[in-house]
Amino acid sequence: MNAEWTQISPQEAAALHAAILAAHANHDLERLVELYAIAADSKEREGDVDAACFFLTQAFVFALETGISRAHELNRRLVAYGRAWPLEP
Amino acid sequence: MNKPSTLQSVMTSVNRANGLPNAHYIDPVVFAEERASVLFASWSGVGFGKDIPEPGDAKPVDFLGVPLLLVRDQDGAIHVYQNTCRHRGMILVEEAKNIRGTIRCPYHSWCYSLKGQLRAAPHVGGVGQNTHEDVKMAELGLVSFRAHVWQDVIFVNIDGKAAPFEEVHAELLDRWQEFDRPLHHGGPESSLKLEVNTNWKLAVENYCESYHLPWVHPGLNSYSRLEDHYNIESPGKYSGQGTLVYRQLRGAEGEVFPDFDALSDKWTTGGEYVAVYPNVLLGVQRDHTFAIVLEPRSCEQTVEHIELYYAKSSAETPELDPLRHQNAQLWKTVFEEDIFVVEGMQKGRHGPMFDGGRFSPAMDGPTHNFHHWVATQIEAGRAS
Ligand code: FES
Ligand SMILES: [Fe+2]
């Protein structure tokens with residue numbers, strides 16, 4: 001995804017939505033982290049902090065569940081918005 | 001509550017005592033009382049370390065209706081949690097699995113670390129808002145039961161009020177300290193599960209006496225005479241039997257299992273079989289041990305979970321796999337031979353005129369020791 005874009009197209013949004021549903025259906029947690037983080041990034045670029053934090057939370061929870069280190073990065077972003085407690089290391 | 005005088009007849013000397021009355025075996029009301037006063041108030045066995053061998057392994061267990069979650073954390077320590085989410089009370093883990101990161105509740109995804117802390121409560125303050133001033137994460141960890149692992153058995157004190165395990169069982173821990181060594185489970189064939197139509201206590205009582213050996217286990221008795229056995233009785237703690245003539249199993253080539261390290265002479269031909277009150281039965285011998293957890297399913301139904309352990313693992317001694325197989329078969333035969341007596345005693349207790357029975361003062365000490373302890377626990381429960 002191009003970082004210059006401020007918005008993703010409706011087609012891209014629909015594709016992302018479909019990919020998230022498929023990852024849920026497959027219980028593919030790593031993929032869920034990745035896809036929710038993409039959704040969060042795009043909402044962040046649109047300036048929609050509430051929506052970004054919703055997706056960041058989703059990504060964070062699945063990252064926590066799988067035990068991947070990315071949970072810390074996602075947590076820091078939520079903390080920066082005042083939306084989560086810092087994870088202890 | 002008015003104390004039934006019948007328990008007084010249990011709590012006298014073995015020479016004069018009766019066994020526990022029928023109600024303790026067939027009455028669901030008494031079963032519920034024993035659940036609280038006997039099983040929840042002491043250190044009960046609920047599973048085995050070998051069921052959760054790897055860090056992150058989690059296994060749900062139903063213990064007398066209480067949903068438990070056995071967990072091995074990343075440091076290898078075993079925890080026993082209430083398998084209930086602190087949010088809306090959802091069951092957290094339905095099937096045994098390995099947890100890589102946190103325990104995520106399947107309902108609203110509150111996440112708990114393997115050490116039980118609440119790590120995330122997503123959207124708890126509204127969508128995308130993961131904090132709320134009134135939801136204190138530090139106060140919302142998983143409910144953790146006191147647990148202790150010994151001889152690979154996971155013991156739990158549900159009511160939280162028992163003295164520490166090491167204190168309650170200090171004498172037995174000392175008696176068997178030579179067996180406080182790494183135990184290697186014998187593999188899938190070394191796990192036996194018997195579903196028996198009996199009250200759990202009858203399985204304890206039958207296990208800790210040697211009186212029945214010549215009748216019920218004539219095979220055992222062919223090389224193990226009654227006089228080669230002795231009673232083990234520690235009032236208020238444990239009881240069982242010992243043998244002076246344990247003989248190692250030998251394979252076709254004369255091969256035997258390797259011994260546990262540095263055992264004293266007592267164990268060259270010695271073996272001891274002890275009921276660790278309330279519901280754990282253990283056996284130790286020079287070359288293998290076993291552990292049985294009695295799972296009381298209901299007043300008249302019990303599942304016996306039997307596990308065999310060795311001094312060396314199967315990976316270290318693959319050439320002994322056939323011997324481990326043979327040993328598992330031998331024990332299976334012995335334990336199955338006991339089924340008809342524990343089920344028969346259960347049926348017998350529906351005879352309304354049975355008075356709890358009269359003991360052999362010489363042979364039934366270990367059984368009476370157990371009854372005395374059960375009665376004491378019940379009285380303590382009634383008094384509190
Ligand atoms: S019940 Fe577990 S998160 Fe809601
Ligand atoms: Fe027996």
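**Close-up 1. Aromatic pairs in the predicted model, with Y36(A) and F62(A) as one example.** Over all chains, this predicted structure holds 20 aromatic pairs. In one of them, the ring centres of Y36(A) and F62(A) are 6.2 Å apart and the planes meet at 5 degrees, so the pair is stacked. Because Y36(A) belongs to helix α2 (residues 29–46) of chain A and F62(A) to helix α3 of chain A, the pair ties together parts that are 26 residues apart in sequence. Y36(A) is buried, with a relative accessible area of 8%, and F62(A) is buried as well, at 6%.

**Close-up 2. The tilted pair of F155(B) and F165(B).** These two rings lie 4.6 Å apart, centre to centre, with 45 degrees between their planes. F155(B) is in strand β10 (residues 153–157) of chain B and F165(B) is in helix α4 (residues 165–168) of chain B, so the pair ties together parts that are ten residues apart in sequence. F155(B) counts as buried at 0% relative accessibility, and F165(B) counts as buried at 1%. Together with W43(B), W150(B) and W176(B), F155(B) and F165(B) form one aromatic cluster.

**Close-up 3. Helix α3 (residues 49–66) of chain A.** From its first C-alpha to its last, this helix of 18 residues reaches 25 Å, which is close to the expected 26 Å. The helix α3(A) is mostly covered, with 15 of its 18 residues buried, and α3(A) is followed by G67(A), whose phi is positive, near 75 degrees.

**Close-up 4. Charged ends over rings in chain B.** The charged end of K201(B) sits over the ring of Y25(B), 4.5 Å from the ring's centre, while R324(B) lies over the face of Y310(B), at 5.6 Å from the ring centre.

Technical notes
Residues numbered from 1 in each chain as written. Chains lettered and ligands numbered in written order. Predicted model: local features only at pLDDT ≥ 70, side-chain atom pairs only at ≥ 80, totals over all residues. Heavy atoms only, no water. Helix = DSSP H or I, 4+ residues; strand = E, 2+ residues; numbered from the N terminus. Expected span 1.5 Å × (residues − 1). Buried < 20%, exposed > 50% of the residue type's maximum accessible area, 1.4 Å probe, protein only. Phe/Tyr/Trp six-rings, centres within 6.5 Å; stacked < 30°, edge-to-face > 60°. Lys NZ or Arg CZ within 6 Å of the ring centre and 35° of its normal.
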